[in-house]
Amino acid sequence: MKENLDRSHYDNNYSHGPGRSSGGKHFGLGLLTGVLVALFLMGGIYVAVQFVNLAGAMRGNQQAGGEEKNQSAATDQLLQKMGVVEEIIDRYFYREDVDKQAMMEGALEGMVASLGDIYSEYYTVEELSALISDIQGIYYGIGAYVSMDTTVGLAKISGTIEGAPAEEVDIRENDYIYAIDGNETYGKTLDEVVSEIKGPEGSKVTITLLRSGEYLDVEVERRLVEAPTVNYEMHDGGIAYIQITEFSEVTVDQFAAALTSAREDGMKGLILDLRSNPGGSLNAVVEIGKQILPKGLIVYTEDKNGKRLEYSSDGKKKLDVPLVVLINGNSASASEILAGAIKDYEMGTLLGTTTYGKGVVQQAISLSDGSAVKLTISTYYTPKGISIHGTGIEPDEECIFDGERYYSEEQYDNQLERAKELMSEMIAEN
């Protein structure tokens, strides 16, 4: 079984939209049989991949007397009412071009949206397909990471891929996405924004950015983007620098290769850069944790029934050099799992700003027609039992990124430079 955590969304990542079957009064009932389960953590993804007979699961919820533990919302009365509304639309709506598929999708989306949980969503066939493509790490888009700022109701750029179209037109981290091709994005979900940015290879999209109170229109060509997940450099004084941009299936081997190279190059200390890492594969972050963490828990999850799942390290590959971890407000989910474990074990210094604070788990259940429902199902905890949801992880030393200096002085990275200073001190004391 593969498990992926949530990957907070690539611009060209997911799409999450359409896949309908024709309408009748009981249009939703036929979807509840075979299901493919994929577990997601934060806007990104656990991935499981196992088949479940949902009808059997429903039977398991019935008590001996034949009554269901939880009363179903899909009563005969409700289904009849939906059928009546559909008939009213057919008879009285002034246009003939009613999209019955869109009608059904809207009903399903509304049903999930009524939960009031920003992480729970309904996925159409196309949207689920795009999500799967996202997990594979190859995209047609602009090469930017996108997250949602719920305080202002706008999606924002949380990072760009080196050499990708977004970087070429100077799209920057923390730029708000105000409009796409002239259509304002306020009130739209992250997946809707991502879907609008995506498009065929070679096509262009105009994105209106809000940066420091100013509106900027940039036209970007969509291209095939293959995202690197690990970057390695060796700096003076034996300071190894490894950046993880996301946790995907390929990240484990890439990280292992980078760590091996660092040791061969005489690593005396390691700077691990998790800034703007939106998350990704739970399996990946656990396997990477096993390469550097001491023996013990890496992370555990608990659902509403108290069921607990634990992920641990055997400690055989515990890192034996000083460690500094760079974090910021766009470090989320899987990156928070790794940073949280490092902090709990006091094996490294966290530098930067408080992380995003995404500490709940989603489960996506794919229905038999290829669509899916993603629901928040549990909370995850650091080794010390701390839930970081809504609060994030505070750095041991706060260091605010100087964006003005970065863009005016040939990408001078004040956070990285401070990390080097700390590491030099640690190496001298070691």
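Reader: I'm new to this one, so where should I look first: are Lys374 and Glu121 buried or exposed?
Author: In this predicted model, Lys374 and Glu121 are both buried.

Reader: And how do the side chains of Lys374 and Glu121 meet?
Author: They meet in a salt bridge, with a distance of 3.4 Å from N to O. Since Lys374 belongs to strand S20 (residues 372-381) and Glu121 to strand S3, this pair ties together parts of the chain that lie 253 residues apart in sequence.

Reader: Why can side chains like that pair at all?
Author: Side chains of opposite charge can pair when their charged atoms come close.

Reader: How many salt bridges are there?
Author: The count comes to 17 salt bridges, taking a side-chain nitrogen of Lys or Arg within 4 Å of a carboxyl oxygen of Asp or Glu as the rule.

Reader: What does Arg95 form a salt bridge with?
Author: Its partner is Asp97, and the closest N and O atoms of the two are 2.9 Å apart. Arg95 is partly exposed at 39% relative accessibility, while Asp97 is exposed, with a relative accessible area of 55%.

Reader: Which helix holds Arg418 and Glu421, and how are they separated?
Author: Both are in helix H11 (residues 414-429), where being three residues apart separates them by about one helical turn.

Reader: Which residues do salt bridges that share partners join into one network?
Author: Glu86, Asp90 and Lys100 are joined in that way.

Reader: Changing topic, which residues of helix H6 are buried?
Author: In H6, which covers residues 190-197, the buried residues are Leu190, Asp191, Val193, Val194 and Ile197. They lie on the same side of H6, because the arc they cover around the axis is only 160°.

Reader: And what covers the buried residues of H6?
Author: The cover includes several strands, among them S3 (121-123), S5 (144-149) and S6 (154-160), together with S7 (176-180) and S9 (204-211). Strand S3 has already come up here, as the strand in which Glu121 lies.

Reader: One more, about the surface: which residues make the nonpolar patch?
Author: Val84, Ile88 and Tyr92 make a nonpolar surface patch of about 320 Å². Of these, Tyr92 lies in helix H2 (residues 76-92), and Tyr92 is exposed, with a relative accessible area of 61%.

Technical notes. Residues numbered from 1 in each chain as written. Predicted model: local features only at pLDDT ≥ 70, side-chain atom pairs only at ≥ 80, totals over all residues. Heavy atoms only, no water. Buried < 20%, exposed > 50% of the residue type's maximum accessible area, 1.4 Å probe, protein only. Helix = DSSP H or I, 4+ residues; strand = E, 2+ residues; numbered from the N terminus. Arc of directions from axis to C-beta. Contact = heavy atoms within 4.5 Å. Patch = residues over 30% accessible without salt bridge, like charges linked within 9 Å, V, L, I, M, F, W, Y side chains within 5 Å. Areas by Shrake-Rupley, 256 points an atom, 1.4 Å probe, with all protein chains shown as cover.
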